[in-house]
Amino acid sequence: MKKIYYLLCLLPLMPLVSSCDDEEAEVVLLQNPESQPVTLSSIAPDYGFVGDQFTLTGTNFGGGVDFIQVFIGENEAEVLTCTDTEVKVLVPKEATTGRISVRFMGQEVNSDLMFRVMGKPSVEQMKPLFGMEGAQKAWGFVGSEITFSGSELGGSQEDVKVIFKGATNTPAEIVSWSEEEFKVKVPEGAVSGKLTLTVGSQTVNTPYEFRLVEHATVSGITPQQGYKGCEVTISGKGLGDETTKGQTKVWFGDKAGTVLSCENEKITVKVPGDLTIGQSYDVKLSTAFETVEQMLKFKVVEEPKDFTGDIQSGYLANPITLSGTNMPATADALKVMFGDKEGKILEYKDGSLQVEIPSNASIGKVKLSLIDAGVEFVVNDKFEIKAAPVIEYCDVAVFADETMKITGTNLSALPVIVMIGNQQVSSTSSDTEITFTVPANLSGDVKVILNFGENVRPAECEVTVLPAQTGDITNYVLENTSSPFAIEENGLKGWNTNSIFYGNPYVEKDGNVWMALNGKNNTWNGALFQSTTLPKGKYRFSITVADVDAGTNRNVVLFAVMEGKDTPFPGISDDPKPGHFISQDKLLGVMNIKDQPNPVVATHSFEMTMDKSLPVTIGFATMLGDTRYLYISEIKVEHIE
């Protein structure tokens, strides 16, 4: 009879093997292993000789011998028959006593079921053990003893050899031996992992892996004093991990703390809530493996109370001040919460703190509380957060006598007085925008200050004001832009180069000092640039080429305007046709000087429009071959409209 296997899952049934002409084919449905996990419940018999059979009982075996594997320790047994609840297995000739495990369609199931192979050495128990049932491991320190129990463990001590992972050159020292039990000492160099055991010529399964444990030491407790129920950290080494947390104990005097987390170098503990204020306690620690002899001290202090200051209300995104008695010595573990949002502590001194209400907190009544080392102290459960302006964007550059824009949220919640430079100006406010006209007589870098009243922190921003004009604005936005270019050390004053730029960025020729863009293969994508800010508007950029030996084909010079300060230029493409950046990200405008109409020795221009004021990076990117060059006598920026 032929078997046809089907995988039963959330999708429609799909045959793994199909047959259309075998009317007597047996159909076996295999459950989806993720939704129907395999379980192991019993084994019968639990001992036998090589070649004997035993039966595993459980659930969700699937019913297909081709999809399930059974192991006795490391040795795979032959599966003879399989139903959804029962598997019959043949003991292989190389097997020794070991724990039973099953693999089914990628799912591995370990168990504590043991099968003893008669007539062969067997280890059925190891001590000491650590861990939950099904995931236990033998453990020990370097130099401590591990006990192996079983039967037929050799005819003499010399028959037994145990190799620890990490200490593979020499078998571990045998401390004592009998046919039913022997002890070995954990050697130097051993690490956690599987042990290798041989008895005579027979490799023997061991039921558990080994975990090397480091002796625990403690170095301190932080904080050394705190409140009942607070969280403290014990520092040290060899303190354990999350698998040992349940067996780790910390006592404050005779009261047990609650271990919250456990790592090799620190344990976090919640202090018991029934300690006595003002009393110092001895802090004792025991890990899952030993009791630590070193002692720490912790003192219980009074809790914060009698709060004063701005504890009734405050403005969104603005600071408040509060203080109290019994406040913590430092703000290291202190949080100030406005509802579920944490405020930023600006200053803490002598029990008084200044904290900023977060800009994303909820407007209205919220709980104002202090949390110190995990303990919450409610200051006011009906603290009122009032709407206040939050600035998100300011124009970074603007022309005099034109409109400057500031955007944000709640901008009309309070009256505003706008100062630019030393001048007060009239403004128009909506909930998301404040606009005003920049005085015609202003220029240069000035500060804008927005005053919303004495209880709200003024908002400030910097802006570059350019003269109210169209036409040539080069000298206001760029430095060192025409011949004779000013030389500074081995560069041009005001201009920067990237690491790929080849040679000096200037040349002295025919009584002039020109900007020089030089070529050398393998130094493509050299850049010469400077940063500035440009207001919203339309611009014309003009580049005058004084001399060139750049040929045609793949010799390229790009003049570009990039968004942002000191923004790197993208690489220049050389395939299939050179002359453009590989990436357009942050590219506001670009001109390929070599693509302009001949002759190249001429003035080349392009125009671009900026929808808002931005910091920008302006300059040149090169892709020039060996000995090729392009010299520039002037760079010009014009404000068109």
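In this predicted model, Glu108 and Arg103 form a salt bridge in which the closest N and O atoms are 3.8 Å apart. Arg103 has a relative accessible area of 38%, so this residue counts as partly exposed. In total, the structure holds 18 salt bridges, and two further examples are worth a look. Asp340 pairs with Lys341, with 3.2 Å between the closest N and O atoms. Here Asp340 counts as exposed because its relative accessibility is 58%, whereas Lys341, at 24%, is partly exposed.

The other example is the salt bridge between Glu607 and Lys538, where the closest N and O atoms lie 3.7 Å apart. This pair ties together distant parts of the chain, 69 residues apart: Glu607 belongs to strand β59 (residues 603-610) and Lys538 to strand β56 (residues 537-549). Glu607 is partly exposed at 41% relative accessible area, and Lys538 is partly exposed at 26%. The pair is also part of a network, in which salt bridges with shared partners join Lys538, Arg540, Glu607 and Glu638.

Glu290 is buried but takes part in no salt bridge, and Arg211, the nearest side chain of opposite charge, is 11 Å away. The side chain of Glu290 instead reaches the backbone nitrogen of Ala216 at 2.7 Å. Beyond its neighbours within four places in sequence, Glu290 is in contact with Phe141, Glu214, His215 and Ala216.

Turning to the strands, β10 (residues 98-104) is mostly covered, with six of its seven residues buried. Strand β7 (residues 68-72) runs antiparallel to β10 and is joined to it by five bridges; in this pairing Val70 stands opposite Val102. β10 also pairs with strand β11 (residues 107-117), again in the antiparallel sense, over six bridges, and Gly98 faces Phe115 of β11. Two residues separate β10 and β11 in a hairpin, and Met105 in the turn has a positive phi of about 50°.

Elsewhere, four strands build an open sheet with antiparallel pairing, in the order β12-β15-β18-β17. Its edge strands, β12 (122-127) and β17 (174-177), each pair on one side only. On average, neighbouring strands of this sheet are turned by 20° against each other, direction ignored. Between β12 and the antiparallel strand β15 (residues 145-151) there are five bridges, and Val123 has Gly150 of β15 as its bridge partner.

Definitions and conventions: Residues numbered from 1 in each chain as written. Predicted model: local features only at pLDDT ≥ 70, side-chain atom pairs only at ≥ 80, totals over all residues. Heavy atoms only, no water. Pairing = 2+ DSSP bridges. Axes fitted to C-alpha atoms, helices over the stretch in contact; angles between N-to-C directions. Buried < 20%, exposed > 50% of the residue type's maximum accessible area, 1.4 Å probe, protein only. Lys, Arg positive; Asp, Glu negative; His and termini not counted. Salt bridge = Lys/Arg side-chain N within 4 Å of Asp/Glu carboxyl O. Polar contact = N/O pair within 3.5 Å; in protein donor to acceptor, adjacent residues only side chain to side chain. Contact = heavy atoms within 4.5 Å.
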